[in-house]
Structure formats: C-alpha cells, structure tokens
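Trainee: I would like to learn how to read a model like this one. Please take me through it feature by feature.

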Amino acid sequence: MTSWKVTGGATHAALAVEELQELIFRQLLVFHDDGRLSNAQDDLANLAATCRAFSEVALNVRWRNANFHQLIQVWNARGVIARRDMSRRGSPEMGFARAITLEDWQRFEYYARRIHHMQLEYLPDTIRFSTDFATAVLERTILPRFQVEGVSPLPIFPKLNSLEFMFCTAKSEVCVCMAVINESPCLDRFVAHVITSYTDLPSDAWTALLATLGNRGRPLKYLAVLPDMDGLGTTHIIGPKTHSLAQLIVRSTLQELALPSDVIPIRIILNAISYLPTLKKLQLGYCDSFTVDYETPVPQNAFSSLECLEGGSAAVRSLLVIPKLPSLAKLVIRDGRSYTVGSGPLSWPFVREMIGVISRSCPALEILHLQTMLYSEEETDILTTGRPATSVFVQLQACPSLKDVRFDFSGTSFDHPGSLEEELNLSDDQWEQLAVAWPDLKSIWFSAGSSYHEGRHDEWAVWAPRPRATLRTTASFFRHCPELFCCGVSVLARGEEARAAMKDVLPRQEPTRLDFRGSWADKKDAQGIAIFLASLVSYQDSDMKIPQLLSSYQVDPELPHTVVEFERRQDWQEIKQLVDSTRITRQA
C-alpha cells in the first residue's frame, strides 16, 4: 500500500489510504440501464489532473473498465491519429498520421496498464486503423531502445483479465483482437458477440482467433459466444470453426461457458463440454431445430462440478441423459413465447418427460425455473401415454433442497380438456406433498394460465381451467416452509378453507408477497378470505398482487368471457380493500 505524508486532522489521514480512496471513487461510477457509464468518468479524469494526492487511484478507477476506442484517443493530443477520406464516399477513416515512437507507446501504456475489463467494438471507420494497430504492436519490439538493450517490451495490458469482442465479418477486427490477446498475460475471460450468423463467420479469421486464445500460457476460465441478432440459422455441418472451438474448450480450464443456438446441435461440441472437470456454469442457446441427441459415450464423471445450467429446453434435455448431476443447484429453462420467437410452444409429453428426468438426475437442485408455452395433441397424447394417475410435478419431491421454484406456462392453449389440464391443475393434497418435501422453500410461482393480448400483461384466468387448489395450498406452504417469502400459486379462494387455515398459520412477522392474478374467489366469502390473507400480509412491507380492473372497451356484453373476467377482477378488488382495512385496524 502506498501512502504519503498528510498534515491536518484524522479525516485527511484516512483519505491518504489508497484502499479507502478507491472505495469512495468507485461510488461515483453509476451505470445507466443501457450499460453506459455516467459522466463520473470525466469527473475522475479531472480529479486526477488537479489533485496529485488522488491522481493514481482516480486513474485506476477511471480506466478499470474501458472501451478500446476510448483508449486510442490518448494519442490524439500527440498527433498520432488522423482522419482521412480514403474512399471519397463515406465518412473519413481513422489512421496513423505518422510513425509511432517510444514516447507514444509509453503514453498509451500509462493508461492501458490500468485496464481490467475492455470492450473491443466494430466501427466502420476503423477498419484500416485496426490492421495498422495490430502491425504497430508487432513492430514495437524493433524500436531502437529494445534493440540496443536487447530486452523485450513489457505487455501493454498487464492487468486485463476480461475482454469483450464485437465480431462482425471484417478480418481487421480479428487482427486487433489477437494483438490485444497476445499483450494480455492475465486474460482469462473472453466474450465474443457475433454480430452475424455463425455460419457466415470467416473460417480462417475465426480459427486464428480461437487458436490464439488456446495457445496462451494462461487457460481461459470463462468463454462466451453470444449472438447479437435474432434468427441465427443453425447448422449441423462440422467444419473448421467447430473443430477450433472444440479444441479451445478442451484446452481450457473453463468454469463458465456460454454458446449460441448455432453451435449447440453439433455433437462434437457437446462431447468437448462433457470433458471439462472444472465447469461450474453452462449456458446453452435456444435452438428451434434441435434434433441431434447426445449419443456420444458419456465420461464417468461428466459434469460432476456443474452447478448452474441455463438454456432452451431441447438443448438442456439433451444433456440430462447424464445419470446424475450431483452438484447442479440451478436449472433455468426458457423458450420462445410465440411461434416466431425461439422454439415456440412445446408438446406436453416432452415437458412431462423432462420434469421426470430432472427429478431423477438433480438431487441437489435449489433453483428450478421453467418458462414456455405448451400445447397438447390430445388424441395422440392419450393414445401414447394414457391418462396419468397423478401429476408429474409431484415427482419433484425427490429434490428436497429446492428454494426457488418457478413454472411459467402463460400463453398455453386449453382448447379442450385432457391430460395437459389435469396435470397442470394440482390439487391441495398434491401441493401439500411438495410443501412438506421442500422445507427450505423461499419462493414458489406457478402459472398455467392463458394470456390475452389486451390484458396489459395481466392474466386472463377465464381462458384457463379453474384451479383445483384452494387456500389450503397457500396455508400448507406457509406452514411447512418457514422461510417462504413469495407464493404465487393460483387458487380458488373460499371462506371455508380460509377459516380452517386460520388455525394452522400464524400472522407473518416478515415481508410477504402473494400473487393471485390467476386466481378465483367466492364473493360471498370475501370477508373470511380477507381476514385470512391479512394475517399473511400483516407486515407493512408485504405485497399482494391481484388482477387489475378492466376498462370499458375490454368488456362486451355479447362476449360472455369478458363479463366473467370483469366480475372475477371486481371480486378480488373488493377482497383487497378488505385486506387493507384489516391491516390498518390491526396496526392501530
């Protein structure tokens, strides 16, 4: 730790500690919603220029996260960079105005050595500059000083450990990216944002880039290949790009890996992933034509360290053939919300099978999220599987460590009754079995309703089957799960179950969130229902979500379903008013 002599009181002495300075200066860096930093970066630069005592720490904080194009602007004041109209058609291109001297490099490295995370973006006016910069980095070793002294220059980015690369189709982008990689001995996180289809990437440039990452002395711990545009086409062709990616995966000691939908269906990639003993987090793409099953021999300890798995249902289901995933604590499965986005609705037999596999393969699971629309080919489903004796969700009792459970089947079509409706509509007894099996549960959310395009993101329960569960289910979760914070299971609220549940559930002394947007209520028992619910949301920071009232244009007397939905929402509004008044009375 570096410090200097400061006269004055204890406050000044404390500010002489660099660690405290850094904590204070980092509070100035506020990120906007779109990822941009606030103007505090300029404030830190001004602080470094005006106060020598704070200069070093202020610059370290200012340049910890930087953009490559911000960095090269430090050469502007030295007259190194110029813009010239090379094409005579568009905007001027950036280029070097003169040869780069040793003093120019020293000025550049003065800021570059502070960077820990850098973004390397593609800009049309820097194509020529990118190639020239990569060449200049190589020519740096022949500067007179290094020739005379017989030594090699120090790395330009000695502290850079994370690099984000926006990859389009220009090979010059890859040249500058490889130059940065070779000058970053501590780099262990690499993210490639592919701003084009994976199949359109230049094979030689992509292969050279991955080879550069794989041939370094420090193996990668985090690798992500992320698409930046929708509708990327999938490919089942095993080419040089796929081989180079598989080789990089095998050579690395990856702890986190994220791959797009284009790459996932290729068997060689899946095989490479399974041989990663250090892998803890795997994020897979959402592929709408995933047809290649995981047919390669599975290593004995495949995915033994995997703690988090996220991705589309087809890709995740393909990996769940592993007999056991002993360390898997988080499983998030999301698919498209329509027929044109992602993989669209899934057949219920497929989802039923997947839930069964999860219950058998993931004994240590703590977080389980499944979000997709469903459809059921009723005649086919019944002929091939028969009507189930119980809901498949009950099998999740085999995962006793679950703390956060979320099943979102919003938008599912219930055109006709059948196995889909029966298995999604759990009874009180089935929910209680799960509540008993999950004593550490903190959040449960289950939506099997059907959305309506004018519902303003509020569920139209009239389009879905009425729930079989009652307030007994709500009481069961709060009775058997003492740490429960959020309960969003749709119920049919009646006073009979509310009065019975009052005996088993004590008033909550912690904030609670209840969600009844997909629930129904018996208006005649509104008072009894309100008294019970008020005991669950008695704490002042508690929240109870109910369906919003409909506007006049959404209700048409000639459409019975709109009238029924209007009445359902009015019933909950009345109950909510009673709950609020009961809470106020208790507090008084």
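**Reading the model**

Mentor: Start with the largest cavity: by class, its lining has 13 nonpolar, four polar and three charged residues. Ala, Val, Leu, Ile, Met, Phe, Trp, Tyr, Cys and Pro count as nonpolar, Asp, Glu, Lys and Arg as charged, and the others, Gly among them, as polar. This is a predicted model, in which local features need pLDDT of at least 70, side-chain atom pairs count only at pLDDT 80 or more, and totals for chains, interfaces and linings use all residues. Residues are numbered from 1 along each chain as its sequence is written, and side-chain values use heavy atoms, with hydrogens and water left out.

Trainee: How many cavities of 30 Å³ or more does the structure hold?

Mentor: Rolling a probe the size of a water molecule over the atoms shows where empty space is left. A cavity is a set of points, on a 1 Å grid over the protein atoms alone, where a 1.4 Å probe fits but cannot get out; lining residues have an atom within 4 Å of a point. Points are joined across faces, edges and corners, and the volume is the space filled by probe spheres set on them. Here there are three cavities of 30 Å³ or more. The largest has a volume of about 220 Å³. Its lining comprises 20 residues, and N425, A448, P465, P467 and S490 are the closest to its centre.

Trainee: What share of the protein's residues count as buried?

Mentor: Buried means under 20% relative accessible area, exposed over 50%, and partly exposed in between (1.4 Å probe, protein chains only). Of the 588 residues, 49% count as buried.

Trainee: How many helices and strands does the protein have?

Mentor: Helices (H or I, at least four residues) and strands (E, at least two) are DSSP runs, numbered from the N terminus. The protein has 21 of each. Take α18, residues 471-480: seven of its 10 residues are buried. They are L471, T473, T474, A475, S476, F477 and F478.

Trainee: What does α10 reach from its first C-alpha to its last?

Mentor: The expected span is 1.5 Å times one less than the number of residues. Helix α10 (residues 203-214) has 12 residues and reaches 16 Å, close to the 16 Å expected. Its buried residues include W206, L209 and L210.

Trainee: Which residues is D104 in contact with, leaving aside its neighbours within four places in sequence?

Mentor: Contact means heavy atoms within 4.5 Å. D104 sits in helix α6 (residues 102-112). D104 counts as buried because its relative accessibility is 0%. Beyond those neighbours, D104 is in contact with W75, R78, V80, R98 and A99. A polar contact is a pair of N or O atoms within 3.5 Å; within protein, one must be able to donate a hydrogen and the other to accept it, and residues adjacent in sequence count only if both atoms are side-chain atoms. The D104 side chain makes one with the R78 side chain, at 2.6 Å.

Trainee: Is Q430 buried or exposed?

Mentor: Q430 is in helix α17. Q430 has 11% relative accessibility, so Q430 counts as buried. Leaving aside neighbours within four places, Q430 touches T390, S391, V394 and R468 by the contact criterion.

Trainee: Where is V436 placed?

Mentor: Also in α17, which covers residues 428-437. V436 counts as partly exposed because its relative accessibility is 48%. V436 and F477 lie 41 residues apart in sequence and 8.0 Å apart in space, C-alpha to C-alpha.

Technical notes. On a 1 Å grid over the protein atoms alone, a cavity is a set of points where a 1.4 Å probe fits but cannot get out, and a pocket is an open set with protein on both sides within 12 Å along at least five of seven lines; lining residues have an atom within 4 Å of a point.
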